[in-house]
Amino acid sequence: RMQGSTSHSDEGWSNLTKGIGTGPWMAPEVEAGSYNHKADVYSFAMVMFEVLAQELPFEGEEVKHSAGAPRALEEARPDTGAVAPEVSEEAVELLLLAWAQDPAQRPSFRSIVRVISTCES
């Protein structure tokens, strides 16, 4: 979505995330306003979780934050126990690295591609 692009149905989300992200997929540093490409790695991890667990991040959890701050600010992450049992350990380890609280600890996309290409299928 382009910044500032809203419709009546998603007006609440655009206000909640200031038009720059969507709650569970938004890296914690985005809310603070100082971020780089590693914020995209965090968002990738949330999409990866959706694929591996076949559920949305934080689905069914009570929202326990105020002022629209993403759950990530509280260092909350989705439950990796929801990931399908046939998913390789390497894929789960990548997921954990990619959603690290500290952006400097997140892998580059080059590293992510390398790991994915070597994961068992």
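Which residues does Leu 95 touch, not counting residues up to four places away in sequence? In this predicted model, Leu 95 touches Ala 45, Met 48, Phe 49, Thr 80 and Val 83 when residues up to four places away in sequence are left out.

**The buried side of α4**
- Within α4, the residues Ala 91, Leu 94, Leu 95 and Ala 98 are buried; they lie on the same side of the helix, because the arc they cover around its axis is only 100°.
- In general, an α-helix has 3.6 residues a turn, so residues three or four places apart point the same way.
- The elements that cover the buried residues of α4 include α3 (38-53) and α5.

- Arg 106 sits in the loop that runs between α4 (89-98) and α5 (109-118), and it counts as buried because its relative accessibility is 2%, where the cut-off for buried is under 20%.
- The side chain of Arg 106 makes a polar contact of 2.6 Å with the side chain of Glu 29, and it also reaches the backbone oxygen of Ala 100 at 2.8 Å.
- With neighbours within four places in sequence left aside, the residues in contact with Arg 106 include Ala 27, Pro 28 and Glu 29, as well as Lys 38, Ala 39, Val 41 and Tyr 42.
- Leu 97, Ala 98, Trp 99, Ala 100 and Gln 101 are also among the contacts of Arg 106.

**Confidence of the prediction**
- The average pLDDT of the chain is 76, and 69% of the residues score at least 70.
- Confidence is highest in α4, at a mean of 94, and lowest in helix α1 (residues 11-16), at a mean of 38.
- Over residues 1-19 the pLDDT is below 50, and this stretch has 15 contacts in the model beyond near neighbours in sequence.
- Residues 65-69 likewise stay under 50 in pLDDT, and for them the model has six contacts beyond four places in sequence.

How values were computed:
Residues are numbered from 1 along each chain as its sequence is written. This is a predicted model: local features need pLDDT of at least 70, side-chain atom pairs count only at pLDDT 80 or more; totals for chains, interfaces and linings use all residues. Side-chain values use heavy atoms; hydrogens and water are left out. Helices (H or I, at least four residues) and strands (E, at least two) are DSSP runs, numbered from the N terminus. Buried means under 20% relative accessible area, exposed over 50%, partly exposed in between (1.4 Å probe, protein chains only). A polar contact is a pair of N or O atoms within 3.5 Å; within protein, one must be able to donate a hydrogen and the other to accept it, and residues adjacent in sequence count only if both atoms are side-chain atoms. Contact means heavy atoms within 4.5 Å. The arc is that of the directions from the helix axis to the C-beta atoms. pLDDT is the predictor's confidence in each residue, from 0 to 100.
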